[in-house]
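I opened my notebook to look up a few spots in this chain, one at a time. Here is what I wrote down, for anyone who wants to follow along on screen.

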Amino acid sequence: MRMYDIIIKKRNGGELTIPEIEYFVQGVTDGSIPDYQISAFLMAVYYKKMTTDETVALTLAMANSGDMVDLSAIKGIKVDKHSTGGVGDKTTLVIAPIVAACGVPVAKMSGRGLGHTGGTVDKLEAIPNLRTEIPRDEFFEIVNKNGVCVIGQSGNLAPADKKLYALRDVTATVDCMPLIASSIMSKKLAAGSDCILLDVKTGNGAFMKTPEEATELAKMMVSIGVGAGRDTAALITDMDRPLGFAIGNSLEIIEAIDVLKGQGPEDLHEICIELAGHMLKLAGKGSLEECRNMAKLVIKTGRAFAKFKEMVVAQGGDVSVIEDTDKFEKSSIIQKIVSTQSGYISSMNTENCGIASVILGAGRETKESPIDFSAGIILKKKIGDFVNVGDVLAEFHTNKPDAIESATKMFLDAITFNDKAAKSVPLIHATITK
């Protein structure tokens with residue numbers, strides 16, 4: 001069997017066999033297949049897609065490419081949550097402590113930024129000294145003691161996906177449904193949780209641009225999860241606008257803290273309550289309405305914020321910046337971006353907002369690029385707001401003065417104005433269950 005022949009077969013639209021897919025995944029894992037052939041294969045899949053059988057085979061092969069984590073040492077029903085990626089999506093930072101404060105353990109392994117979207121691990125590492133690489137036994141110990149720990153994907157957890165994830169990010173093959181489904185579900189299956197909640201984003205800032213595409217992906221992933229014996233559900237949530245006001249690592253940590261304190265943007269609060277409610281329901285904590293109310297209560301009583309601080313301390317982070325967010329390192333340049341038009345903001349190209357934040361330093365342009373944790377965007381206006389010429393649309397935070405011009409153009413081109421207010425769009429489009 002040769003990788004060259006597998007690439008040709010997929011390039012020509014053929015359906016790969018299980019042995020061919022397993023050969024590819026093994027070669028990715030052990031390094032016997034070079035990056036240029038892996039990249040060629042990814043591009044072939046991007047254009048020719050995969051059947052359901054191929055996607056399931058790829059998922060299982062990737063899940064079995066490394067350790068299959070046994071979480072039985074952690075007491076209780078373990079619930080995991082995964083987002084398909086969005087701009088300003090800091091929900092894990094909010095819902096993990098909420099769910100843990102409600103008595104359901106969260107042993108979560110998260111990813112880094114991908115394309116125009118941010119990653120939970122990158123955001124957590126904006127907290128000085130916080131560790132996201134933690135030995136397995138210590139990880140279990142932290143969850144048993146505090147109820148929550150969020151770490152990066154370990155070197156032995158779906159190692160094939162880790163390699164593919166980095167290459168997809170820099171070869172323009174991120175937004176491909178079989179690759180997204182297999183990437184997400186291989187990690188979720190290998191991570192060992194009993195229940196899985198998927199937050200599938202849809203809109204111009206998501207990899208799935210339409211609710212129909214998002215629903216297809218959600219059904220594919222729920223089917224994979226249920227077939228593997230995991231109670232799995234998915235929410236289809238809106239990403240035609242950034243979530244909250246903050247885009248960028250430390251900026252999003254600060255906004256997540258605001259929500260945990262019962263403040264913060266309404267849209268972020270609403271989605272976090274819904275996600276936490278569904279996670280608690282999967283764990284058997286009651287009806288969806290009862291679970292939503294539990295989530296609201298732990299925010300109101302301060303237990304959720306206290307749990308977040310416990311998590312930071314347990315992972316070695318500097319809790320003083322959590323207690324006083326002014327202590328986060330600031331960018332050397334904070335530039336106000338003003339409107340050159342007047343009218344109601346009728347739409348925002350959310351993907352371009354995310355790209356603008358990457359240009360400012362908040363994300364990676366290559367897989368080796370460092371991240372500036374202080375960089376990003378604070379939105380001052382969103383869809384539905386009326387704007388006059390000269391009003392401030394956003395603040396750019398950056399240490400790259402040469403990036404401001406191109407980021408400003410990208411951001412201003414992302415905004416469309418109208419003389420009438422846009423109709424409100426629901427934040428949550430649908431729920432997919434088995």
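**Isoleucine 74.** I started in the loop between helix H4 (52-63) and strand S1 (79-83), where isoleucine 74 lies. I am working with a predicted model, so I keep in mind that local features need pLDDT of at least 70. Is isoleucine 74 buried or exposed? Its relative accessible area is 2% and the cut-off for buried is under 20%, so I noted it as buried. Leaving out residues up to four places away in sequence, I listed its contacts as Pro105, Ala107, Phe140, Val143 and Asn144. I also checked lysine 145: it is 71 residues from isoleucine 74 along the chain, yet the C-alpha atoms are separated by 9.6 Å.

**Asparagine 146.** Next I went to helix H7 (residues 136-146), which holds asparagine 146. Asparagine 146 has 14% relative accessibility and counts as buried. I found that it touches Lys307, Glu310 and Ala314, again not counting residues up to four places away in sequence.

**Strand S4.** I then turned to strand S4 (residues 195-202). How many of its residues are buried? I counted eight of its eight. Cys195, Leu197, Asp199 and Lys201 point one way from S4, while Ile196, Leu198, Val200 and Thr202 point the other way.

S1 runs parallel to S4 and is joined to it by five bridges, with histidine 82 standing opposite leucine 198. Strand S5 (residues 231-238) also pairs with S4 in the parallel sense, over eight bridges. There, leucine 235 is the bridge partner of aspartate 199. With helix H10 (residues 211-227), S4 and S5 make a right-handed β-α-β unit.

**A sheet of three strands.** I found an open, antiparallel sheet in the order S10-S8-S12. Its edge strands are S10 (386-387) and S12 (415-418), each pairing on one side only.

**The core.** I looked for the largest nonpolar core and got 73 residues; among those with the most contacts inside it are Ile127, Phe308 and Phe411. Which helix gives the most to this core? It is helix H12 (residues 266-282), with nine residues.

My search of the whole structure for aromatic pairs gave five. In one of them, the rings of tyrosine 46 and tyrosine 47 have centres 5.3 Å apart and planes at 85 degrees, so I filed the pair as edge-to-face. Tyrosine 47 counts as exposed, at 60% relative accessibility. Phenylalanine 396 and phenylalanine 411 are edge-to-face too, because their planes are at 80 degrees, with ring centres 5.7 Å apart. This pair links distant parts of the chain, with phenylalanine 396 in strand S11 (residues 392-398) and phenylalanine 411 in helix H17 (residues 404-413), 15 residues apart. Both phenylalanine 396 and phenylalanine 411 are buried.

Last, I looked for charges over rings. The charged end of lysine 49 sits over the ring of tyrosine 46, 5.1 Å from its centre. Likewise, I found the charged end of lysine 382 over the ring of phenylalanine 245, 5.3 Å from its centre.

Technical notes: Residues are numbered from 1 along each chain as its sequence is written. This is a predicted model: local features need pLDDT of at least 70, side-chain atom pairs count only at pLDDT 80 or more; totals for chains, interfaces and linings use all residues. Side-chain values use heavy atoms; hydrogens and water are left out. Two strands pair if DSSP finds at least two bridges between them. Helices (H or I, at least four residues) and strands (E, at least two) are DSSP runs, numbered from the N terminus. Buried means under 20% relative accessible area, exposed over 50%, partly exposed in between (1.4 Å probe, protein chains only). Contact means heavy atoms within 4.5 Å. A nonpolar core is a set of buried Ala, Val, Leu, Ile, Met, Phe, Trp, Tyr and Cys residues joined through side-chain atoms within 4.5 Å. A crossover is right-handed if, with the strands pointing away from the viewer, the path from the first strand over the helix to the second runs clockwise. Rings of Phe, Tyr and Trp (its six-membered ring) pair if their centres lie within 6.5 Å; planes under 30 degrees apart count as stacked, over 60 as edge-to-face and the rest as tilted. A charge sits over a ring if NZ of Lys or CZ of Arg is within 6 Å of the ring centre and within 35 degrees of the ring normal.
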